[in-house]
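Hi,

Here is the structure I promised to pass on.

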Amino acid sequence: MNKFLILVIEDDYAIRNLITTTLETQNYKFRTSENGTEGIMAAASYQPDVILLDLGLPDMDGVDVIRKIRLWSNVPIIVISARSEDSDKIEALDNGADDYLTKPFSVDELLARLRVTKRRLLSMSSETGNQGAVFENGALKIDYLAGTVFVETEELHLTPIEYKLLCLLAHNVGKVLTHNYIIKEIWGNSMESDLASLRVFMATLRKKLDKRSDGIQYIQTHIGIGYRMVRV
Ligand code: CA
């Protein structure tokens with residue numbers, strides 16, 4: 001299962017080297033590109049399973065690379081960016097990136113992100129047979145037809161907004177969703193004031209979930225960015 005092909009698009013030699021050395025130790029296959037134009041071409045010709053994409057590339061903005069690739073591919077894209085570029089990260093996620101790594105990152109962090117992405121790909125391929133009716137993640141179970149949510153055998157009583165939030169996160173399990181994206185999906189607009197509402201609804205939802213989840217955290221907070229449901 002490690003024979004996964006990863007495309008690394010990164011112009012910085014030292015970081016590219018760190019990434020490829022790490023991938024080698026884990027028996028991942030990889031290809032590298034040093035700029036956006038080459039990266040887009042490599043994505044088309046090698047059909048990688050995952051793309052690691054630096055946002056600051058010499059020839060074009062990493063976000064434009066994502067936009068171009070998203071025209072024809074749903075390949076998971078993990079962006080790599082400096083800490084000071086939070087707004088770039090959000091833009092990247094809003095344009096279809098799946099996850100992000102912040103420079104400087106550790107080798108363990110990189111591998112953890114790849115495992116998350118791999119698990120998501122695996123669960124997506126195993127779920128294609130029974131898409132829709134019921135979502136299960138650990139002890140959490142959403143029955144979309146009945147509109148019910150259970151943790152173990154206990155039903156959670158959610159408000160309509162909490163339920164919509166939970167379903168949205170479940171549909172995108174493993175993926176970081178930005179505040180903006182969530183607000184647009186739930187309320188249909190992106191008013192600044194809705195961020196406060198989102199935080200409140202998310203807090204009550206998590207409280208209900210966590211109370212019955214035995215220390216398992218289904219929803220991760222990404223400060224300044226958004227939320228993700230973790231595949232447990
Ligand atoms: Ca760079």
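The protein chain splits into domain 1, covering 5–126, and domain 2, covering 134–229. Keep in mind as you read that this is a predicted model.

The centres of the two domains, taken over C-alpha atoms, are 26 Å apart. On the contact itself, domain 1 puts in 13 residues and domain 2 puts in 11. Together they bury about 970 Å², with 54% of that area on carbon and sulfur atoms. If you want to know where to look on the domain 1 side, go to Asp94, Tyr100 and Arg120: they supply 39% of the area that domain 1 buries against domain 2, more than any other three residues.

**Salt bridges**

How many salt bridges are there between domain 1 and domain 2? The count is one. For the structure as a whole, the number is 10.

Asp99 and Arg228 meet through their side chains in a salt bridge, at 3.0 Å from N to O. Glu10 and Lys103 also form a salt bridge between their side chains, with an N to O distance of 3.7 Å. Glu10 sits in the loop between strand 1 (5–9) and helix 1 (13–25), while Lys103 belongs to strand 5 (residues 99–103), so this pair ties together parts that are 93 residues apart in sequence.

The peptide bond joining Lys103 to Pro104 is cis, with omega at about -5 degrees. Pro104 is placed in the loop between strand 5 and helix 5 (107–127).

The other one to check is Asn27, which is not a glycine and yet has a positive phi of about 65 degrees. You'll find Asn27 in the loop between helix 1 and strand 2 (29–33). As a reminder of the background, most residues other than glycine have a negative phi, and most peptide bonds are trans.

**Helix packing**

I looked at two helix pairs. Helix 3 (residues 62–70) packs with helix 4 (residues 86–94) at an angle of about 5 degrees, and their axes are 9 Å apart. That angle makes helix 3 roughly parallel to helix 4. On helix 3 the residues involved are Val63, Ile66 and Arg67, and they meet Asp88, Glu91 and Ala92 on helix 4. Sorted by class, this contact has three nonpolar and three charged residues, with no polar ones.

The other pair is helix 7 (residues 179–187) with helix 8 (residues 194–211), packed at an angle of about 85 degrees with axes 10 Å apart. Helix 7 and helix 8 are therefore roughly perpendicular to each other. Helix 7 brings His179, Ile182, Ile183 and Trp187 to the contact, and helix 8 brings Asp194, Leu195, Ser197, Leu198, Arg199, Phe201 and Met202. The class breakdown for helix 7 with helix 8 is seven nonpolar, two polar and two charged residues.

Over to you.

Cheers

Note on methods
Residues numbered from 1 in each chain as written. Predicted model: local features only at pLDDT ≥ 70, side-chain atom pairs only at ≥ 80, totals over all residues. Heavy atoms only, no water. Axes fitted to C-alpha atoms, helices over the stretch in contact; angles between N-to-C directions. Helix = DSSP H or I, 4+ residues; strand = E, 2+ residues; numbered from the N terminus. Parallel < 35°, antiparallel > 145°, perpendicular 65-115°, else oblique. Contact = heavy atoms within 4.5 Å. Nonpolar A, V, L, I, M, F, W, Y, C, P; charged D, E, K, R; others polar. Domains from an automatic or database assignment. Buried area = accessible area lost by both parts, 1.4 Å probe. Salt bridge = Lys/Arg side-chain N within 4 Å of Asp/Glu carboxyl O.
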